[in-house]
Amino acid sequence: MAPITYELLKEWAETGAVETQTLEFKAMLPEGTNEARLEFLKDISAMANSEGGTIVYGMSEKAGQASNLRPIEGQSPDAVKRRLGQIAESGVEPRLPTIDFQVVDHPEGGFLLALVIPRSYIGPHQVSSSNSFYIRS
């Protein structure tokens, strides 16, 4: 997949791009709670077990359509990538072969984060803490 740019994300927000089996929008990063961690692991393992896909953090949605950009502020992109990468590595079995973390700077400050998760051929992958398998449909 081509790199995700600010222009593309802005276009998605302006046109109300629709969430699909391979595209999901999240206004905020997963918090430090067990519930948020589990939701993150479900999302990434389900994409890897299905067709793959992209999760965009920093994009609000209404009724499954992109609505506006909400840049992530007050956090280092590298620290966020490291934290989410560690959660993925320790929370999904077998480990996902790759997650492409694409940081997209917002011109007014902050950043958005796109996680591109390819379809995995070494799965199925399960969320370790729940011993459950997820797919997107």
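## The loop at Ala63

Ala63 sits in the loop between strands β3 (59-62) and β4 (65-69); helices (H or I, at least four residues) and strands (E, at least two) are DSSP runs, numbered from the N terminus. The model is predicted, so local features need pLDDT of at least 70 and side-chain atom pairs count only at pLDDT 80 or more, while totals for chains, interfaces and linings use all residues. Residues are numbered from 1 along each chain as its sequence is written, and side-chain values use heavy atoms, with hydrogens and water left out.

Ala63 is not a glycine, yet its phi is positive, at about 55 degrees. With a relative accessible area of 85%, Ala63 is exposed (buried means under 20%, exposed over 50%, and partly exposed in between, for a 1.4 Å probe and protein chains only).

## Other backbone exceptions

Most residues other than glycine have a negative phi, and most peptide bonds are trans. Asn131 is another non-glycine residue with a positive phi, here about 50 degrees. Asn131 belongs to the loop between β8 (126-127) and β9 (132-133), and its relative accessible area of 55% makes it exposed.

The peptide bond that joins Glu93 and Pro94 is cis, with omega about -15 degrees. Pro94 is part of the loop between β5 (92-93) and β6.

## Helices α2 and α3

Two packed helices are described by the angle between their axes and the distance between the axes. Helix α2 covers residues 34-49 and helix α3 residues 77-91; their axes come within 10 Å and cross at roughly 75 degrees. Axes are lines fitted to C-alpha atoms, for helices over the stretch in contact, and angles run from 0 to 180 degrees between N-to-C directions. The two helices, α2 and α3, are therefore roughly perpendicular to each other (under 35 degrees counts as roughly parallel, over 145 as roughly antiparallel, 65 to 115 as roughly perpendicular and the rest as oblique).

Which residues of α2 and α3 meet? On the α2 side they are Arg37, Phe40, Leu41 and Ile44, and on the α3 side Leu84, Ile87, Ala88, Ser90 and Gly91; contact means heavy atoms within 4.5 Å. The residues of this contact of α2 with α3 divide into six nonpolar, two polar and one charged. Ala, Val, Leu, Ile, Met, Phe, Trp, Tyr, Cys and Pro count as nonpolar, Asp, Glu, Lys and Arg as charged, and the others, Gly among them, as polar.

## Buried residues beside the helices

Val80 is placed in helix α3 and is buried, with a relative accessible area of 1%. Not counting residues up to four places away in sequence, Val80 touches Leu29, Gln75, Phe111 and Leu113. Val80 and Leu113 are 33 residues apart along the chain, and their C-alpha atoms are separated by 9.1 Å.

Val92 lies in strand β5 and is buried, with a relative accessible area of 1%. Leaving aside neighbours within four places in sequence, Val92 is in contact with Leu41, Ile44 and Ser45, and also with His125, Gln126 and Ser128. Between Val92 and Gln75, 17 residues apart along the chain, the C-alpha separation is 25 Å.

## The largest pocket

The largest pocket holds about 170 Å³ of space. On a 1 Å grid over the protein atoms alone, a pocket is an open set of points where a 1.4 Å probe fits, with protein on both sides within 12 Å along at least five of seven lines; lining residues have an atom within 4 Å of a point. Points are joined across faces, edges and corners, and a volume is the space filled by probe spheres set on them.

Lys26, Met28, Leu29, Pro30, Glu31, Ala36, Glu39, Phe40, Asp43 and Tyr57 line the largest pocket. By class, the lining has six nonpolar, no polar and four charged residues. Helix α2 gives the most to the lining, with four residues.

Asp43, one of the lining residues, is in helix α2 and counts as buried at 8% relative accessibility. Beyond four places in sequence, Asp43 touches Glu24, Lys26 and Ile55. Pro30, also in the lining, is in the loop between β1 (23-26) and α2. Pro30 counts as buried at 11% relative accessibility, and beyond four places in sequence it touches Ala36, Phe40, Tyr57, Arg83 and Leu84.

## Asp100 in strand β6

Asp100 is found in strand β6 (residues 100-105) and is partly exposed, with a relative accessible area of 34%. Not counting residues up to four places away in sequence, Asp100 touches Ala114, Leu115 and Val116.
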